[in-house]
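Notebook open, structure on the screen. I'm jotting down what I look up as I go.

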Amino acid sequence: MIVSGEPSGDAHAASLVGALREVAPQIQFDFFGSTGAQMRTSGVDSIVNADELAILGLWEIGRALPKFWRALVDWPDFNLRLARWLHRRGFRVIYYISPQLWAWRSYRSRNIERDVDLLLSILPFEKDWYAARGMTHVEYVGHPLTGEVRERYNRAEFCRRHDLDPTKPIIALLPGSRHKELVRILPPLLDAASLIAERRAEVQFVIVTAPNRKIEEAKAIAADHLGKLKDSLRIIHHDTREALAAADAAAVASGTATLEAALLGTPLVIVYKESALNWHTLGSLITTEHFGLVNLIAQRRLATELIQDQFTGETLSKELLSLLEPQRKLQMRSELAEVMKKLGEPGASMRAAQAVMRFIDRGSAKHRRD
């Protein structure tokens with residue numbers, strides 16, 4: 001059973017499913033669980049459709065429990081509870097991908113130690129972080145996006161398809177994959193676009209909606225700005241990597257998309273905004289110095305972060321205009337390429353699959369001895 005509740009987790013889980021079939025072709029796998037579109041395309045039987053869920057109860061998963069192993073992918077708040085529930089009932093639990101406990105609520109590492117049999121890490125510093133807390137059942141497999149992030153066609157073709165001028169600057173705006181992120185993050189992104197358009201009329205803007213969102217959501221939120229930006233704004237769907245690769249600069253909601261931008265060499269600003277209540281509650285729990293994955297891997301502030309009250313149209317417009325300057329753009333592209341080398345070699349999904357099979361084989365051998 002594989003449980004995923006986020007678009008990025010769905011993508012990583014789908015890659016893991018393909019890699020498991022490749023690494024063990026002699027085995028007839030039965031994959032099922034909480035799925036997104038990519039997992040379903042990979043042949044995972046959908047017990048729960050994660051696309052439609054904000055909160056998932058245990059009953060939907062619990063009814064499918066007569067199986068002997070579990071993989072939980074990148075959905076920390078729910079999965080840690082599910083891991084405890086499963087582990088108490090004798091099921092073996094693999095957690096892929098490590099939740100970001102080093103960023104906030106680090107005390108939850110006790111839950112991982114107690115309820116997870118194998119933790120698969122994708123960031124280079126995570127294994128040492130867990131080791132410092134006495135945890136040894138952690139394997140670093142590398143990031144599944146390494147070697148996999150590439151555009152399907154070049155800037156000229158992207159501009160042709162979306163009626164843009166390839167000779168003029170392009171700024172990509174990525175507001176995130178959740179509805180609440182669209183509501184809170186897209187308006188200041190559009191405010192920044194309007195301010196930039198006043199100062200540099202030739203700049204073009206592309207709002208990139210996540211695969212799990214409907215383009216109509218973004219259009220409704222952007223309605224008030226469409227008149228101001230006229231022909232300089234496009235709202236697109238499904239071409240995230242192509243948009244990032246074609247862009248001269250990007251404003252990206254904190255998350256996996258920031259890493260995609262970095263792997264494509266796109267200069268970026270990392271943005272995020274929560275509700276005032278959530279920020280008051282959760283902000284105080286964040287212990288890491290950086291929010292963005294790019295900066296966490298670099299271990300320095302490579303990309304500017306505009307979080308919560310710092311994230312306004314004015315502050316973002318200044319940062320994006322700065323990134324359009326040729327010298328800074330060239331420097332950031334070079335720095336991003338250097339930092340991304342820290343993610344290791346391609347093949348993380350295959351290494352994760354091999355780790356899963358070793359885990360299953362050890363369990364099977366123990367069962368035979370017993």
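First, a term I need: a nonpolar core is a set of buried Ala, Val, Leu, Ile, Met, Phe, Trp, Tyr and Cys residues joined through side-chain atoms within 4.5 Å. Buried means under 20% relative accessible area, exposed means over 50%, and partly exposed is in between (1.4 Å probe, protein chains only).

Ground rules: this is a predicted model, where local features need pLDDT of at least 70 and side-chain atom pairs count only at pLDDT 80 or more, while totals for chains, interfaces and linings use all residues. Residues are numbered from 1 along each chain as its sequence is written, and side-chain values use heavy atoms, with hydrogens and water left out.

**Entry 1: the core.** I looked up the largest nonpolar core, and it has 120 residues. Tyr96, Leu120, Leu189, Phe205, Leu316 and Leu320 touch the most other members. Helix α8 (residues 179–199) gives the most to this core, with eight residues.

**Entry 2: α8 and α9.** How do α8 and α9 lie to each other? Their axes come within 9 Å and cross at roughly 15°. Axes are lines fitted to C-alpha atoms, for helices over the stretch in contact, and angles run from 0 to 180 degrees between N-to-C directions. Angles under 35 degrees count as roughly parallel, over 145 as roughly antiparallel, 65 to 115 as roughly perpendicular and the rest as oblique, so α8 and α9 are roughly parallel. On the α8 side I noted Leu182 and Leu186, among others, and on the α9 side Ile221 and His225 are among the residues they meet.

**Entry 3: the sheet.** Six strands make an open sheet, in the order β10-β9-β8-β11-β12-β13, with parallel pairing. Two strands pair if DSSP finds at least two bridges between them. The edge strands, β10 (233–237) and β13 (305–307), each pair on one side only. Helix α11 packs on this sheet, touching β8, β11 and β12.

Entry 4: Is glutamate 260 buried or exposed? Glutamate 260 sits in α11 (residues 256–263) and counts as buried because its relative accessibility is 12%. Leaving aside neighbours within four places in sequence, glutamate 260 contacts Leu145, Val149, Arg241 and Leu244.

Technical notes: Helices (H or I, at least four residues) and strands (E, at least two) are DSSP runs, numbered from the N terminus. Contact means heavy atoms within 4.5 Å.
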